[in-house]
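User: I have a model on my screen and would like to understand the labels that go with it. Could you take me through them?

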Amino acid sequence: MIKIKSVRGVHDLLPNVLSKHNKIIENGLKIAEKFCYSQIEIPIFEFSEVFTKPLGISSDIVIKENYVFKDRSNDELMLRPEGTSGVVRAFLNAGLSQDIPKRFSYFGPMFRYERPQKGRLRQFKQFGIECLGINSSMADIEVISLGYEFLKSLNLIEDINLKINSLGDFQSRINYKKVLVDYLNNFKQELSDDSLRRLSTNPLRILDSKNDIDKKILLNAPSVLDYLSQDAKIRFETVCEGLDTLNIKYSVDKNLVRGLDYYCHTTFEFITNNLGSQGTVLAGGRYDGLSKILGGIDISGVGWAAGVDRLAMMMESEYINGVDIALIGQLEKHNLLLFPILIDLINEGFKVEIIYTGNISKKLKRANKIRASYAIILGEEELTKKIIKLKNLSSGSEELITLVNAIKTLKNHLND
Ligand code: ATP
Ligand code: MG
C-alpha cells in the first residue's frame, strides 16, 4: 500500500508544534485585548473579489499565489490569502463605519500557492490586528508598539529587529514610481524575470525582491523617502518620534514596501536572522485606500499580521505540560474500576492519563515518560480496603489512603 501524503506545503501540526502555535495565539489575543482590540472571526473563503479587487489585476498574488475555485452555484471563491481584506469587508457589512474607531484581532489559516520551503508554506497561520478609523499617525505608533509587546511576551524580541519605512501618500508614490522605473530601466538586462515583469505591472514590489542581483541593483536606487510630500514627511517623523519615546529600536529601510497599491505612509516589518531568508515574522502598514476599494466609505486603517508558523520555529522550548496523575490498575481486570476514579479526578481539575497495558513496572515506566507527577494505583488489597495507593513520582514515596484524602493531598500539591 502506498501511504497517502499531505499536500505539498501543507503541514500537520503535531502536538509539540501546535502547543507553540496555541501559546503564540493566546499571548496575542491577551495583549491585543489589553490594547482594546477585540477578537473577530472571518470566513476562510470569500468571493474572490474581496481579495482581487484590492490587489488590482497587476498584483503578483492574483497572478500566481491564490487558491481559486468555483462552487456548485458557479460563484468564484478564494481561500483567503490574508486577513485584512476580510476584516475590512466584515466591518463594512456590519455597518460599523458609523462607529469608529474599531480595533480587531484575528487568527487562523491563510492559503497561498507559493514555492514551499522552510518558513514558506501553502497553508500557514497568521495572528493579526487591524485598527480602523484613525487617520492620525498615533495609530501607527499604537499598532507597532502592540506588535513589539506581543513579541516581547514570547521572549523573542531579543532576536528580532524592527524595520520601518514610509510609502508616503498617493501623490508621493506616483512621483516616486516614475523615478524608480527610470532608474531600473537602465538595468533591464540584469534584472530577474520576476522583477522585469513587475517593472511594468508593480514596480514598487521590485524593492522587495529576494534575488541577489536585483538586491545589488537596488542598493543605489532612489529612495522613496526623498519623494515624500511635506505632510507625509511629518507623519513619518512623528512615528519615529513615538518609537523613540517608547525606547523601541528600529532602523529605516528605504526598500521596505508592501506591494499593494492601497498601502500608504508607514510600513514596517519585524525580522529575525534566525530563520534564514524567511526572516520576516510580523509585517504591516497603513492601508487607507482599502475600504473604498471594497465599496465602503473612506476609512483609514493600519494593522499587521504575524506568521505564527515562523514564530513557532523560533521557539525552542516545548510547551507541553506534564500530566498530573497516571492512573494505574494492578491487573487488567482493574481497568474498568479506574473510570469512576478518572471522572472524579478530572472533575477536580486534574490532568489524568489511564495506563491500560503492561505489568506494574512497565506502567510506572510509562508514567515517568509522560512526566506524571503522581501515580494512583489500584490493586486487590486496595479494593478490599476501599483505598488507593498514591505514589509521588518525583520522591518515590507511597501512601495508602482513601480517594477523598488522596484528592485533598493532590489539591495541595498540584493546584495552586
Ligand atoms: P514574504 O515577504 O515572506 O513573502 P509577505 O510580504 O508575503 O511575506 P505578508 O502578506 O505581509 O507577508 O504576511 C505577514 C506575515 O505572514 C509574514 O511576515 C510571514 O511571517 C507570514 N507569511 C506570509 N506568507 C507565508 C507563507 N507562505 N508561509 C508562512 N508564513 C507566511
Ligand atoms: Mg509573500
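Analyst: Happy to! Let's begin with the sheet: β5 and β6 run antiparallel and are joined by ten bridges. One position to look for is M110, which stands opposite F124 in β6. This is a predicted model, where local features need pLDDT of at least 70 and side-chain atom pairs count only at pLDDT 80 or more, while totals for chains, interfaces and linings use all residues. Residues are numbered from 1 along each chain as its sequence is written, chains are lettered from A and ligands numbered from 1 in the order in which they are written, and side-chain values use heavy atoms, with hydrogens and water left out.

User: What makes β5 and β6 a pair?

Analyst: Two strands pair if DSSP finds at least two bridges between them. Ten bridges join β5 to β6, so they pair. β1 and β5, which run parallel, are joined by two bridges, so they pair as well. There, S38 stands opposite F104 in β5. The strands themselves are DSSP runs (E, at least two residues), and helices are runs of H or I with at least four residues, numbered from the N terminus.

User: Where do these strands sit in the whole sheet, and why are β1 and β8 called edge strands?

Analyst: The open sheet has eight strands in the order β1-β5-β6-β11-β10-β9-β7-β8, with mixed pairing. β1 (38-39) and β8 (251-252) are its edge strands, as each pairs on one side only. Further in, β6 (residues 123-132) and β11 (residues 301-307) pair in the antiparallel sense over seven bridges. F127 has A306 in β11 as its bridge partner.

User: Why is β5 described as mostly covered?

Analyst: Seven of the ten residues in β5 are buried. Buried means under 20% relative accessible area, exposed means over 50%, and partly exposed lies in between (1.4 Å probe, protein chains only).

User: How do you know that K152 and E149 form a salt bridge?

Analyst: A salt bridge is a side-chain nitrogen of Lys or Arg within 4 Å of a carboxyl oxygen of Asp or Glu. The closest N and O atoms of K152 and E149 are 3.3 Å apart, so the pair qualifies. K152 and E149 are three residues apart in helix α5 (residues 138-153), which means they are separated by about one helical turn. K152 has 37% relative accessibility, so K152 counts as partly exposed. E149, at 29%, is partly exposed too.

User: What makes K333 and E380 a salt bridge, and what does that pair tie together?

Analyst: Their closest N and O atoms are 3.0 Å apart, so this pair also meets the definition. K333 lies in the loop between β12 (325-329) and α12 (335-347), and E380 in helix α14 (residues 380-385), so the pair ties together parts that are 47 residues apart in sequence. K333 has a relative accessible area of 54%, so K333 is called exposed. E380, at 38%, is partly exposed.

User: How do you know that E348 and K411 belong on the list?

Analyst: Here the closest N and O atoms are 2.8 Å apart, so E348 and K411 form a salt bridge. E348 is in the loop between α12 and β13 (352-355) and K411 is in helix α15 (residues 403-414), so this pair ties together parts that are 63 residues apart in sequence. Elsewhere, salt bridges that share partners join D140, R286 and D288 into one network. The structure holds 17 salt bridges.
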